[in-house]
Amino acid sequence: KEALKRATEANMDLVCVAPDADPVVCKIMNFHKERYQKKMSQKSAEQDRKKKTIGGVKTITMRGLIESHDLGVKVSKIHESLMKLHPVKIMVTCNWRQLKQKP
């Protein structure tokens, strides 16, 4: 009763934290504010998860005969995507006739 009186004086809510304990544990707090903050934190966590999966799988295609500079550019793009935690799929295609003709 004393806790309820203090909560009404402070214009706050009395929330039971552990009703099964021998002395019942209660907390004086602004329940609506706490619930709102929890809802907003869940919403921001969900938005962060969505940001990570929006891009989907980034596909990088390379041919068997690729110059070293071009290969470096592709590797840097792959590195950037991995640093942003995006999944990367690398496809290497070979044209066997071109491989036979190159000395």
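At 35% relative accessibility, N95 counts as partly exposed (buried means under 20% relative accessible area, exposed over 50%, and partly exposed in between, with a 1.4 Å probe and protein chains only). N95 sits in the loop between strand 4 and helix 4. Helices (H or I, at least four residues) and strands (E, at least two) are DSSP runs, numbered from the N terminus. The C-alpha atoms of N95 and Q42 are separated by 50 Å, and the two residues are 53 residues apart along the chain.

The model is predicted: local features need pLDDT of at least 70, side-chain atom pairs count only at pLDDT 80 or more, and totals for chains, interfaces and linings use all residues. Residues are numbered from 1 along each chain as its sequence is written, and side-chain values use heavy atoms, with hydrogens and water left out.

Confidence was examined next. pLDDT is the predictor's confidence in each residue, from 0 to 100. The protein averages a pLDDT of 82, and 90% of the residues score at least 70. Among the elements, helix 3 (residues 68–83) has the highest mean pLDDT, at 90. Helix 4 (residues 96–101) has the lowest, at 70. Where pLDDT is low, the predicted coordinates should not be read in detail.

The secondary structure comprises 4 helices and 4 strands. From the N terminus on, the order of elements is α-β-β-α-β-α-β-α. The radius of gyration is 30 Å, well over the 13 Å that the globule rule gives for 103 residues, so the protein is more spread out than a compact globule. That radius is taken over C-alpha atoms, and the globule rule is 2.2 Å times the number of residues to the power 0.38. Along the principal axes, the C-alpha atoms fill a box of roughly 95 × 25 × 15 Å.

Buried residues make up 6% of the 103 residues. The protein exposes about 9300 Å², of which carbon and sulfur atoms supply 55%. Accessible areas come from the Shrake-Rupley method with a 1.4 Å probe; for residues, only the protein chains shown count as cover. Of the contacts (heavy atoms within 4.5 Å) with a separation of 6 or more, 41% are between residues 24 or more positions apart. The protein carries 22 positive and 11 negative charges, and their mean positions are 13 Å apart. Lys and Arg count as positive and Asp and Glu as negative; His and the chain ends are not counted. The place of a charge is taken as NZ of Lys, CZ of Arg, CG of Asp or CD of Glu.

S81 is found in helix 3. S81 is buried, with a relative accessible area of 7%. Leaving aside neighbours within four places in sequence, S81 is in contact with K58, H86 and V88. K77 also belongs to helix 3. At 43% relative accessibility, K77 is partly exposed. K77 and T93 are 16 residues apart in sequence, and their C-alpha atoms are 18 Å apart in space.

Backbone angles were considered last. Most residues other than glycine have a negative phi. N11 has a phi near 60 degrees, a positive value in a residue other than glycine. N11 lies in the loop between helix 1 (2–9) and strand 1 (13–18). N11 is exposed, with a relative accessible area of 71%. L85 has a positive phi as well, near 65 degrees. L85 is placed in the loop between helix 3 and strand 4 (88–93). At 59% relative accessibility, L85 is exposed.
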